[in-house]
Amino acid sequence: MGGIFGVICRDNIPAGVVFEGLRRLIYRGYDGAGLAILRNEHIEIRKAAGHLLNISKQIDFININSPLAVGHTRYASRGWPVYENTHPLLDCSGRIAVVGDGIIENYEEVKLKLEKAGHVFKSRTDTEVAVHFFEEHLRKKSDMIEALISLALELSGNYALVFMVAPEKKLYFVQHGQPIVIGMSPDKNCIYVSSDLPSLYGFADVAYIIDDNNVGAISLDTLEIYNASTGQKLDLANIQSKRVKYMVEYVEKGGYPHFMIKEIHEVPDALINTTLAIMEKYLRLSSMIVHGARKVFIIGTGTSYHAALTATYYFSELAGVSVIPVSAAEFPYSMLENVETGTVIIGISQSGETSDVINSVKLAKQRGAVIVGVTNNVGSRLALESNVYLPVGAGPELAVPATKTFTSTLTALLLLASYTGIFAGKRTMQDHKLLIEEIREFSRKIKEYIPIIEEKAVGISNSLKNATGVYVASSGITYPIAIEGALKLKEAALIHAEGYQLGELRHGPLSIVAPSYPVLVIEPFEEQAHPLFLKVLGELETRRANVISIESKLKTKYCSIELPRSSKYLYPISSSVALQLIAYYAGVAKGLPVDTPPGLAKTVTT
Ligand code: AGP
């Protein structure tokens with residue numbers, strides 16, 4: 001898996017372009033980076049294991065001095081993060097280079113056949129089979145497109161591949177379930193191929209989003225795309241193209257030391273943007289679908305799953321609908337059997353590319369389910385697979401730990417639950433409009449509070465940095481927020497943390513609480529849970545625990561962070577921001593690369 005960024009220019013590629021493209025794709029993996037450059041009709045490889053920004057001190061990613069190059073930033077899913085496994089990978093002749101994203105599932109079986117045919121493998125990656133496969137087919141067939149089509153038909157899995165074949169001034173691609181976008185510069189002097197749209201900001205103004213199972217050839221003057229199943233050439237006019245219109249501040253840190261803290265500061269605006277991004281006609285349609293469903297599952301993974309958990313409270317109270325939350329990674333095993341006509345799946349994924357979500361959605365569709373997608377990526381596979389989708393208006397999120405996309409996704413789900421409540425006769429349109437007003441007012445309030453919370457979070461983070469572990473606990477609508485807060489501590493601060501329901505904390509977990517094992521608690525919004533909250537605080541004091549309490553109403557003696565008053569539905573957002581800031585500053589206090597935690601990638605596409 002990884003990020004792909006290739007360029008063909010009329011003259012030499014301007015200095016720094018490929019490096020900048022790869023830097024923007026770093027969220028897709030940072031276990032190695034490399035470049036294939038066409039030089040004097042031969043392929044030159046520059047690559048090393050490690051984070052692009054570290055290895056670029058020894059390897060020149062800036063000065064290409066050639067009109068053709070393709071780069072890659074790697075997430076090591078098959079094969080250790082070492083030089084040999086870093087992309088680009090070469091065929092036996094050294095005439096073909098490949099970079100890839102995703103997983104080729106049948107690579108072992110294909111590799112055996114190719115080895116029998118005399119091919120020599122140098123890496124342990126699955127991607128290397130693609131370059132030898134291509135080489136083998138080119139030996140037999142002279143036509144590149146035919147070879148690409150055979151490859152797409154024979155290699156299974158979800159992957160995207162880009163090939164350079166010396167001495168051609170072209171790039172060849174296969175899109176087999178992993179994203180590929182192709183962008184043109186406004187002056188038509190350069191053409192780009194990349195794993196995402198935001199990486200093209202400032203380089204291309206129009207981009208084609210390539211569909212699944214398409215292959216093709218890219219040159220400066222022609223773009224040929226074929227459907228691998230039918231072999232037919234596609235008409236470019238029918239391919240979804242998009243203007244690349246992200247603002248520069250979206251892809252830069254804007255004066256902040258990390259993307260994560262920048263993105264937390266963007267939470268308030270992202271909430272408002274989400275209310276603006278969701279058009280009423282789509283909200284209405286999605287709500288009608290949910291209201292008319294015989295059963296509703298809500299799925300996502302990681303942070304998006306935690307948004308799903310929170311949304312169950314929204315749907316239950318505002319619309320009287322019981323939605324069943326399931327991790328998209330578990331859905332095929334636990335709930336798929338119960339999917340039938342009349343089932344609705346609310347699929348959540350900020351990237352819209354998470355394979356567990358796409359896989360579950362596809363399986364559910366085969367059984368007759370209707371899909372309502374919620375995503376921050378409008379050109380994503382989730383958006384394409386959904387019958388209707390709601391856009392989350394958070395803007396690109398580059399830090400691996402999700403922050404503003406989580407709070408914006410909560411907003412989108414809140415609006416969906418509220419509108420469904422209108423169909424259910426539990427709310428009026430006036431109630432819904434007031435909710436939108438409330439979100440906007442809340443956004444202004446939370447903006448004022450962020451610097452105050454931030455100051456407290458810096459102090460708290462110092463007491464967390466040497467913790468052996470942390471519990472994050474709450475009850476009611478902030479119980480899922482406790483689980484999400486624990487995930488943020490793991491990612492940003494590399495602290496083992498567990499999210500617990502307050503009552504559950506008393507059924508075993510309390511036994512390891514000690515001064516070195518702090519407990520972060522979020523005051524429950526629900527008054528019925530306050531006696532439990534106070535009882536647990538007392539028990540923690542007895543164990544001399546380091547209690548860090550986030551509160552809004554009660555203001556107990558343990559209160560460390562005071563949040564602004566809000567309605568129950570927005571309290572999960574303010575408490576999330578507090579936990580995000582604590583996790584961020586705990587990571588900073590430990591000197592960690594908070595934007596790019598080790599062993600992770602922003603999107604798990606394999
Ligand atoms: C969030 O901080 C994590 N990086 C991760 O759990 C993430 O939420 C998960 O992989 C799902 O991603 P998605 O929303 O893009 O589908």
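The account below starts with a nonpolar core and then visits other places in the model. To begin, which residues of the largest nonpolar core touch the most other members, and which helix gives the most to this core?

Reply: Happy to! One thing to keep in mind throughout is that this is a predicted model.

The largest nonpolar core has 85 residues, and those touching the most other members are I298, F315, I346, V470, L489, L520 and L581. Helix α19, residues 571-589, is the one that gives the most to this core, with eleven residues. Of the 19 residues in α19, 17 are buried, so the helix is largely enclosed by the rest of the structure. Its length can be checked too: at 1.5 Å a residue, α19 should span 27 Å, and because its end C-alpha atoms are 27 Å apart, expectation and model agree. Just after α19, G591 takes a positive phi of about 70°.

Leaving aside neighbours within four places in sequence, I298 is in contact with A308, A311, T312, F315, V323, I324, P325, V326, I346, I348 and L413. Two of those partners, F315 and I346, are also named among the residues that touch the most other core members.

Charged pairs come next. A search of the whole structure finds 25 salt bridges, and three of them are worth a visit here. One joins E340 to R294, with the closest N and O atoms 3.9 Å apart. For that pair the cut-off matters: a salt bridge requires a side-chain nitrogen within 4 Å of a carboxyl oxygen, so 3.9 Å qualifies. The two residues lie 46 residues apart and link distant parts of the chain, E340 in the loop between α11 (331-334) and β17 (343-349), and R294 in the loop between α9 (280-291) and β15 (295-300). E340 is partly exposed at a relative accessible area of 33%, whereas R294 is exposed at 64%.

K488 and E484 make a salt bridge with an N to O distance of 2.6 Å. The two sit four residues apart in helix α16 (residues 479-493), so about one helical turn separates them. An α-helix has 3.6 residues a turn, so residues three or four places apart point the same way. Both K488 and E484 are buried.

E541 is partly exposed, with a relative accessible area of 40%, while K557 is exposed, with 67%. Elsewhere, salt bridges that share partners join E135, E136, R139 and K140 into one network.

Now to a strand. In β9 (residues 181-184), V181 and G183 point one way, I182 and M184 point the other way, and all are buried. In a regular strand the side chains alternate between the two faces of the sheet. β9 pairs with β10 (residues 190-194) in the antiparallel sense over four bridges, and M184 has I191 of β10 as its bridge partner. Five residues lie between the strands of the β9 and β10 hairpin, and there K188 takes a positive phi near 60°. β9 also pairs with strand β11 (residues 206-209), again antiparallel and over four bridges; G183 stands opposite A207 in β11.

A loop residue deserves a stop as well. N85 lies in the loop between β4 (68-74) and β5 (89-90), yet N85 is buried, with a relative accessible area of 3%. Beyond neighbours within four places in sequence, the contacts of N85 are R74, G79, W80, S123, R124 and T125. N85 and A49, 36 residues apart in sequence, have C-alpha atoms 8.2 Å apart.

Finally, stepping back, the chain is divided into domain 1 (2-247) and domain 2 (259-589). Their C-alpha centres lie 36 Å apart, and 15 residues of domain 1 are in contact with ten residues of domain 2.

Note on methods: Residues numbered from 1 in each chain as written. Predicted model: local features only at pLDDT ≥ 70, side-chain atom pairs only at ≥ 80, totals over all residues. Heavy atoms only, no water. Buried < 20%, exposed > 50% of the residue type's maximum accessible area, 1.4 Å probe, protein only. Pairing = 2+ DSSP bridges. Core = buried A, V, L, I, M, F, W, Y, C linked by side-chain atoms within 4.5 Å. Contact = heavy atoms within 4.5 Å. Expected span 1.5 Å × (residues − 1). Domains from an automatic or database assignment.
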